[in-house]
Amino acid sequence: MYPPRTSALMLAALALIPSSFAASFECKDILAKNQHFNFEKLGGPRVVHWSHIDEVESHEYRFNFTLDICNKLHRDKGVKKDEWFCGIRSEHDLSGMKNDSITPIDIAGTYTLEGGRNMQLDPRFELLRDSKSNSDASREGLRMELHGGRLPFDDKKTGTDQRAIIEFVCDAEREGDEGGEKDNNEHADDDKDNEDDKKDKDGDKKEEKLRRRDGENKGKCEESDASLRFCGYDLEDVGKDKKARTLRLEWRTKYACENAPAPDGGSHWGFFTWFIIILFLAIAAYLIFGSWLNYNRYGARGWDLLPHGDTIRDIPYIVKDIGRKVVDVVQTPGSRGGYSAV
(Lines give C-alpha, C1' and ligand atoms only; values in the text may rest on other atoms or scores of the structure.)
Protein backbone atom coordinates (compact mmCIF):
# COMPACT_ATOMS: atom_id res chain seq x y z
CA MET A 1 0.00 0.00 0.00
CA TYR A 2 1.14 3.54 -0.76
CA PRO A 3 1.34 6.10 2.06
CA PRO A 4 -1.68 8.48 2.18
CA ARG A 5 0.37 11.42 0.88
CA THR A 6 1.74 9.35 -2.04
CA SER A 7 -1.74 8.10 -2.94
CA ALA A 8 -3.08 11.64 -2.93
CA LEU A 9 -0.29 12.80 -5.25
CA MET A 10 -0.94 9.90 -7.63
CA LEU A 11 -4.66 10.70 -7.78
CA ALA A 12 -3.89 14.36 -8.41
CA ALA A 13 -1.55 13.42 -11.24
CA LEU A 14 -4.18 11.16 -12.82
CA ALA A 15 -6.71 13.96 -12.62
CA LEU A 16 -4.45 16.12 -14.77
CA ILE A 17 -4.51 13.62 -17.66
CA PRO A 18 -6.63 15.04 -20.49
CA SER A 19 -9.99 13.33 -20.87
CA SER A 20 -9.38 12.92 -24.61
CA PHE A 21 -6.26 10.86 -23.87
CA ALA A 22 -8.03 8.66 -21.31
CA ALA A 23 -10.93 8.05 -23.72
CA SER A 24 -8.82 7.13 -26.74
CA PHE A 25 -7.17 3.82 -27.55
CA GLU A 26 -4.08 2.45 -29.24
CA CYS A 27 -4.92 0.57 -32.43
CA LYS A 28 -1.57 -1.26 -32.28
CA ASP A 29 -2.70 -3.21 -29.21
CA ILE A 30 -6.43 -3.65 -28.68
CA LEU A 31 -7.28 -6.06 -25.88
CA ALA A 32 -10.52 -8.03 -25.67
CA LYS A 33 -10.79 -10.88 -23.19
CA ASN A 34 -7.01 -11.54 -23.05
CA GLN A 35 -6.82 -11.51 -26.86
CA HIS A 36 -4.62 -8.86 -28.49
CA PHE A 37 -5.28 -7.35 -31.93
CA ASN A 38 -2.99 -5.11 -33.96
CA PHE A 39 -4.84 -2.96 -36.52
CA GLU A 40 -1.96 -0.63 -37.30
CA LYS A 41 -2.04 -1.58 -40.99
CA LEU A 42 -5.71 -0.54 -41.19
CA GLY A 43 -4.98 3.02 -40.08
CA GLY A 44 -5.57 6.12 -42.17
CA PRO A 45 -8.75 8.00 -43.20
CA ARG A 46 -11.19 5.90 -45.22
CA VAL A 47 -14.54 6.68 -46.80
CA VAL A 48 -17.74 4.63 -47.02
CA HIS A 49 -20.75 5.73 -49.11
CA TRP A 50 -24.47 5.09 -48.79
CA SER A 51 -27.55 6.52 -50.50
CA HIS A 52 -31.20 6.23 -49.47
CA ILE A 53 -34.38 7.32 -51.25
CA ASP A 54 -37.43 8.37 -49.22
CA GLU A 55 -40.24 7.81 -51.71
CA VAL A 56 -42.84 9.37 -49.39
CA GLU A 57 -41.05 12.71 -49.17
CA SER A 58 -39.48 12.35 -52.64
CA HIS A 59 -36.01 12.95 -51.22
CA GLU A 60 -32.70 11.25 -51.80
CA TYR A 61 -30.13 11.24 -49.01
CA ARG A 62 -26.48 10.59 -49.81
CA PHE A 63 -23.97 9.92 -47.05
CA ASN A 64 -20.18 9.99 -47.06
CA PHE A 65 -18.80 8.50 -43.84
CA THR A 66 -15.14 9.11 -43.00
CA LEU A 67 -13.28 7.12 -40.33
CA ASP A 68 -9.81 6.49 -38.99
CA ILE A 69 -9.39 3.82 -36.33
CA CYS A 70 -5.80 4.76 -35.48
CA ASN A 71 -5.77 8.57 -35.41
CA LYS A 72 -8.03 11.55 -35.01
CA LEU A 73 -9.35 12.98 -38.24
CA HIS A 74 -7.60 16.11 -39.51
CA ARG A 75 -9.45 18.58 -41.68
CA ASP A 76 -8.95 22.12 -42.88
CA LYS A 77 -12.37 22.93 -41.45
CA GLY A 78 -15.68 21.36 -40.57
CA VAL A 79 -14.45 18.68 -38.13
CA LYS A 80 -14.26 19.20 -34.39
CA LYS A 81 -11.22 18.40 -32.30
CA ASP A 82 -10.57 14.75 -31.37
CA GLU A 83 -13.02 13.29 -33.91
CA TRP A 84 -12.58 9.72 -35.17
CA PHE A 85 -15.77 9.25 -37.21
CA CYS A 86 -17.67 11.90 -39.14
CA GLY A 87 -20.15 12.08 -41.97
CA ILE A 88 -21.56 14.38 -44.63
CA ARG A 89 -25.25 14.07 -45.50
CA SER A 90 -26.43 15.68 -48.73
CA GLU A 91 -30.20 15.98 -49.23
CA HIS A 92 -31.66 16.16 -52.74
CA ASP A 93 -35.29 17.02 -53.49
CA LEU A 94 -36.28 14.76 -56.39
CA SER A 95 -39.32 16.88 -57.14
CA GLY A 96 -37.18 19.96 -57.70
CA MET A 97 -39.29 22.01 -55.27
CA LYS A 98 -36.52 22.66 -52.74
CA ASN A 99 -32.82 23.42 -52.86
CA ASP A 100 -30.30 20.75 -52.02
CA SER A 101 -28.71 20.91 -48.57
CA ILE A 102 -25.61 19.52 -46.87
CA THR A 103 -25.36 18.56 -43.19
CA PRO A 104 -22.19 17.54 -41.30
CA ILE A 105 -22.59 14.66 -38.84
CA ASP A 106 -20.42 14.11 -35.75
CA ILE A 107 -20.53 10.35 -35.15
CA ALA A 108 -17.75 9.41 -32.71
CA GLY A 109 -15.10 11.37 -30.85
CA THR A 110 -14.44 13.47 -27.75
CA TYR A 111 -16.36 16.73 -27.81
CA THR A 112 -17.32 19.61 -25.52
CA LEU A 113 -20.87 20.89 -25.85
CA GLU A 114 -22.08 24.37 -25.02
CA GLY A 115 -22.23 24.74 -21.28
CA GLY A 116 -19.17 22.55 -20.67
CA ARG A 117 -20.81 19.15 -21.09
CA ASN A 118 -18.37 16.54 -22.37
CA MET A 119 -19.13 13.78 -24.88
CA GLN A 120 -16.64 10.92 -24.65
CA LEU A 121 -15.39 8.44 -27.25
CA ASP A 122 -15.80 5.66 -24.66
CA PRO A 123 -14.29 2.81 -26.76
CA ARG A 124 -15.63 -0.69 -26.07
CA PHE A 125 -14.31 -3.97 -27.45
CA GLU A 126 -15.84 -7.44 -27.58
CA LEU A 127 -14.95 -10.72 -29.26
CA LEU A 128 -17.56 -11.66 -31.85
CA ARG A 129 -17.93 -15.14 -30.38
CA ASP A 130 -18.89 -13.57 -27.03
CA SER A 131 -21.77 -11.66 -28.57
CA LYS A 132 -25.32 -12.30 -27.38
CA SER A 133 -26.33 -12.97 -30.97
CA ASN A 134 -26.34 -16.65 -31.95
CA SER A 135 -25.25 -15.75 -35.48
CA ASP A 136 -21.90 -14.52 -34.10
CA ALA A 137 -21.10 -17.67 -32.13
CA SER A 138 -19.02 -19.20 -34.92
CA ARG A 139 -17.43 -15.95 -36.12
CA GLU A 140 -13.87 -14.97 -35.29
CA GLY A 141 -12.99 -11.35 -34.83
CA LEU A 142 -13.59 -8.21 -32.80
CA ARG A 143 -16.46 -5.76 -32.36
CA MET A 144 -15.48 -2.12 -31.73
CA GLU A 145 -18.02 0.40 -30.42
CA LEU A 146 -17.30 4.15 -30.32
CA HIS A 147 -19.48 7.01 -29.01
CA GLY A 148 -19.60 10.75 -28.46
CA GLY A 149 -21.37 12.15 -31.54
CA ARG A 150 -24.67 13.98 -31.74
CA LEU A 151 -26.95 15.46 -34.42
CA PRO A 152 -27.75 18.35 -34.21
CA PHE A 153 -24.58 18.61 -32.17
CA ASP A 154 -25.43 21.45 -29.79
CA ASP A 155 -29.16 20.76 -29.49
CA LYS A 156 -29.77 19.24 -26.06
CA LYS A 157 -33.51 18.71 -26.54
CA THR A 158 -33.95 17.35 -30.07
CA GLY A 159 -30.42 16.15 -30.79
CA THR A 160 -29.88 12.43 -31.40
CA ASP A 161 -26.84 10.62 -30.01
CA GLN A 162 -24.58 8.98 -32.57
CA ARG A 163 -22.29 5.96 -32.32
CA ALA A 164 -20.25 3.69 -34.60
CA ILE A 165 -19.91 -0.09 -34.46
CA ILE A 166 -17.30 -1.89 -36.58
CA GLU A 167 -17.13 -5.66 -36.76
CA PHE A 168 -13.62 -6.77 -37.68
CA VAL A 169 -14.16 -10.24 -39.17
CA CYS A 170 -11.34 -12.75 -39.61
CA ASP A 171 -10.55 -13.39 -43.28
CA ALA A 172 -7.10 -14.92 -43.74
CA GLU A 173 -7.11 -14.06 -47.46
CA ARG A 174 -7.64 -10.33 -47.03
CA GLU A 175 -5.21 -7.61 -46.04
CA GLY A 176 -8.07 -5.19 -45.34
CA ASP A 177 -7.38 -2.64 -48.11
CA GLU A 178 -9.14 -4.50 -50.91
CA GLY A 179 -11.62 -2.32 -52.78
CA GLY A 180 -11.42 0.45 -50.20
CA GLU A 181 -11.49 4.18 -50.79
CA LYS A 182 -9.08 6.35 -48.86
CA ASP A 183 -10.08 9.86 -47.87
CA ASN A 184 -8.46 12.78 -49.73
CA ASN A 185 -9.71 15.52 -47.36
CA GLU A 186 -12.22 16.84 -49.88
CA HIS A 187 -15.04 16.72 -47.33
CA ALA A 188 -13.57 19.76 -45.62
CA ASP A 189 -14.74 21.94 -48.51
CA ASP A 190 -18.51 22.31 -48.84
CA ASP A 191 -18.16 23.83 -52.31
CA LYS A 192 -16.33 20.70 -53.43
CA ASP A 193 -19.19 18.59 -52.09
CA ASN A 194 -21.73 20.64 -54.03
CA GLU A 195 -19.68 20.19 -57.19
CA ASP A 196 -19.51 16.42 -56.64
CA ASP A 197 -23.27 16.27 -56.06
CA LYS A 198 -23.93 17.98 -59.39
CA LYS A 199 -21.73 15.46 -61.12
CA ASP A 200 -23.73 12.69 -59.46
CA LYS A 201 -26.93 14.05 -60.95
CA ASP A 202 -25.38 13.90 -64.41
CA GLY A 203 -24.60 10.22 -64.02
CA ASP A 204 -21.05 10.47 -62.71
CA LYS A 205 -19.31 7.17 -62.00
CA LYS A 206 -19.28 7.95 -58.30
CA GLU A 207 -22.94 6.97 -58.25
CA GLU A 208 -21.87 3.35 -58.63
CA LYS A 209 -20.26 3.49 -55.18
CA LEU A 210 -23.46 4.62 -53.45
CA ARG A 211 -25.59 1.75 -52.20
CA ARG A 212 -29.36 1.89 -51.71
CA ARG A 213 -30.84 0.02 -48.79
CA ASP A 214 -34.47 -1.03 -48.96
CA GLY A 215 -36.57 -2.22 -46.03
CA GLU A 216 -36.08 -5.91 -46.76
CA ASN A 217 -32.28 -5.49 -46.66
CA LYS A 218 -32.18 -3.75 -43.31
CA GLY A 219 -29.52 -5.22 -41.04
CA LYS A 220 -27.54 -6.76 -43.91
CA CYS A 221 -24.19 -5.56 -45.19
CA GLU A 222 -23.97 -4.29 -48.76
CA GLU A 223 -22.98 -6.75 -51.44
CA SER A 224 -19.45 -5.63 -52.19
CA ASP A 225 -16.02 -7.12 -52.76
CA ALA A 226 -14.48 -4.35 -50.67
CA SER A 227 -13.02 -5.40 -47.34
CA LEU A 228 -14.72 -2.47 -45.57
CA ARG A 229 -18.48 -2.65 -46.10
CA PHE A 230 -21.45 -0.53 -45.06
CA CYS A 231 -24.04 -2.40 -42.99
CA GLY A 232 -26.48 0.21 -41.72
CA TYR A 233 -27.19 3.63 -40.28
CA ASP A 234 -30.33 3.24 -38.21
CA LEU A 235 -31.90 4.48 -35.00
CA GLU A 236 -31.40 1.78 -32.34
CA ASP A 237 -32.24 1.26 -28.67
CA VAL A 238 -29.16 1.66 -26.47
CA GLY A 239 -30.76 1.54 -23.03
CA LYS A 240 -33.84 2.42 -21.06
CA ASP A 241 -35.71 5.12 -22.98
CA LYS A 242 -32.53 5.92 -24.93
CA LYS A 243 -31.86 5.71 -28.63
CA ALA A 244 -28.84 6.40 -30.81
CA ARG A 245 -28.29 6.59 -34.53
CA THR A 246 -25.82 3.75 -35.16
CA LEU A 247 -23.39 3.48 -38.06
CA ARG A 248 -22.56 -0.19 -38.60
CA LEU A 249 -19.62 -1.34 -40.70
CA GLU A 250 -17.96 -4.68 -41.39
CA TRP A 251 -14.21 -4.93 -42.00
CA ARG A 252 -12.86 -8.23 -43.29
CA THR A 253 -9.15 -8.62 -42.65
CA LYS A 254 -6.54 -11.17 -41.60
CA TYR A 255 -5.59 -8.93 -38.68
CA ALA A 256 -8.90 -9.82 -37.03
CA CYS A 257 -7.83 -13.46 -36.77
CA GLU A 258 -6.69 -14.52 -33.32
CA ASN A 259 -3.55 -16.10 -34.79
CA ALA A 260 -2.89 -13.12 -37.08
CA PRO A 261 0.70 -12.46 -38.17
CA ALA A 262 2.38 -9.41 -36.71
CA PRO A 263 2.13 -6.39 -39.09
CA ASP A 264 5.89 -5.84 -38.78
CA GLY A 265 6.62 -9.36 -40.04
CA GLY A 266 7.15 -10.77 -36.54
CA SER A 267 10.47 -9.03 -35.93
CA HIS A 268 10.30 -9.43 -32.16
CA TRP A 269 13.13 -10.25 -29.81
CA GLY A 270 13.73 -13.96 -29.40
CA PHE A 271 14.56 -16.05 -26.36
CA PHE A 272 18.34 -15.69 -26.77
CA THR A 273 18.12 -11.88 -26.89
CA TRP A 274 16.03 -11.77 -23.73
CA PHE A 275 18.43 -14.21 -22.05
CA ILE A 276 21.41 -11.93 -22.76
CA ILE A 277 19.52 -8.88 -21.49
CA ILE A 278 18.43 -10.59 -18.28
CA LEU A 279 21.94 -11.97 -17.70
CA PHE A 280 23.47 -8.50 -18.18
CA LEU A 281 20.99 -6.92 -15.76
CA ALA A 282 21.61 -9.65 -13.17
CA ILE A 283 25.40 -9.15 -13.34
CA ALA A 284 25.00 -5.38 -13.12
CA ALA A 285 22.71 -5.69 -10.09
CA TYR A 286 25.15 -8.08 -8.39
CA LEU A 287 28.11 -5.72 -8.92
CA ILE A 288 26.19 -2.66 -7.75
CA PHE A 289 24.80 -4.35 -4.65
CA GLY A 290 28.16 -5.97 -3.83
CA SER A 291 30.00 -2.64 -4.18
CA TRP A 292 27.47 -0.90 -1.94
CA LEU A 293 27.85 -3.66 0.65
CA ASN A 294 31.68 -3.49 0.65
CA TYR A 295 31.58 0.29 0.97
CA ASN A 296 29.22 0.32 3.95
CA ARG A 297 30.65 -2.69 5.78
CA TYR A 298 34.37 -2.38 5.18
CA GLY A 299 34.84 1.16 3.89
CA ALA A 300 36.40 -0.24 0.73
CA ARG A 301 37.58 2.01 -2.08
CA GLY A 302 38.62 1.53 -5.72
CA TRP A 303 38.94 -2.07 -6.89
CA ASP A 304 38.19 -3.27 -3.39
CA LEU A 305 34.63 -2.06 -3.82
CA LEU A 306 33.87 -4.78 -6.36
CA PRO A 307 32.82 -8.17 -5.01
CA HIS A 308 35.55 -10.73 -5.72
CA GLY A 309 37.71 -7.85 -6.95
CA ASP A 310 40.86 -9.99 -7.09
CA THR A 311 39.16 -12.47 -9.39
CA ILE A 312 37.85 -9.71 -11.65
CA ARG A 313 41.32 -8.17 -11.92
CA ASP A 314 42.74 -11.56 -12.84
CA ILE A 315 40.23 -12.15 -15.65
CA PRO A 316 42.53 -10.78 -18.43
CA TYR A 317 45.36 -13.07 -17.28
CA ILE A 318 43.01 -16.05 -16.95
CA VAL A 319 41.74 -15.49 -20.48
CA LYS A 320 45.32 -15.15 -21.72
CA ASP A 321 46.36 -18.45 -20.07
CA ILE A 322 43.32 -20.26 -21.50
CA GLY A 323 44.11 -18.93 -24.97
CA ARG A 324 47.72 -20.07 -24.71
CA LYS A 325 46.66 -23.57 -23.65
CA VAL A 326 44.22 -23.81 -26.55
CA VAL A 327 46.98 -22.83 -29.00
CA ASP A 328 49.35 -25.38 -27.47
CA VAL A 329 46.78 -28.15 -27.81
CA VAL A 330 46.18 -27.30 -31.47
CA GLN A 331 49.88 -27.19 -32.29
CA THR A 332 50.89 -30.31 -30.28
CA PRO A 333 51.64 -33.43 -32.46
CA GLY A 334 49.63 -36.61 -32.07
CA SER A 335 50.29 -39.61 -29.83
CA ARG A 336 53.52 -40.52 -31.69
CA GLY A 337 55.53 -38.40 -29.23
CA GLY A 338 56.83 -36.01 -31.84
CA TYR A 339 58.14 -38.68 -34.26
CA SER A 340 56.82 -38.68 -37.78
CA ALA A 341 56.07 -41.81 -39.77
CA VAL A 342 58.84 -43.10 -42.05
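The model is predicted, with local features needing pLDDT of at least 70 and side-chain atom pairs counted only at pLDDT 80 or more, while totals for chains, interfaces and linings use all residues. Residues are numbered from 1 along each chain as its sequence is written, and side-chain values use heavy atoms, with hydrogens and water left out.

I then looked up the disulfides (pairs of cysteine sulfur atoms within 2.5 Å) and found 3 in the structure. For Cys27 and Cys70 I read a sulfur separation of 2.1 Å and 105 degrees about the S-S bond, a right-handed link.

Next I checked Cys170 and Cys257, which are joined with an S to S distance of 1.9 Å. Cys170 lies in strand S11 (residues 160–170) and Cys257 in the loop between strand S14 (242–253) and helix H4 (271–298), so this pair ties together parts 87 residues apart in sequence; helices (H or I, at least four residues) and strands (E, at least two) are DSSP runs numbered from the N terminus. I noted Cys170 as partly exposed at 24% relative accessibility, whereas Cys257 is buried at 5%.

My last pair was Cys221 and Cys231, also joined by a disulfide, with S to S at 1.9 Å. Cys221 is partly exposed at 25%, and Cys231 is buried at 8%.

Conventions: Buried means under 20% relative accessible area, exposed over 50%, partly exposed in between (1.4 Å probe, protein chains only).
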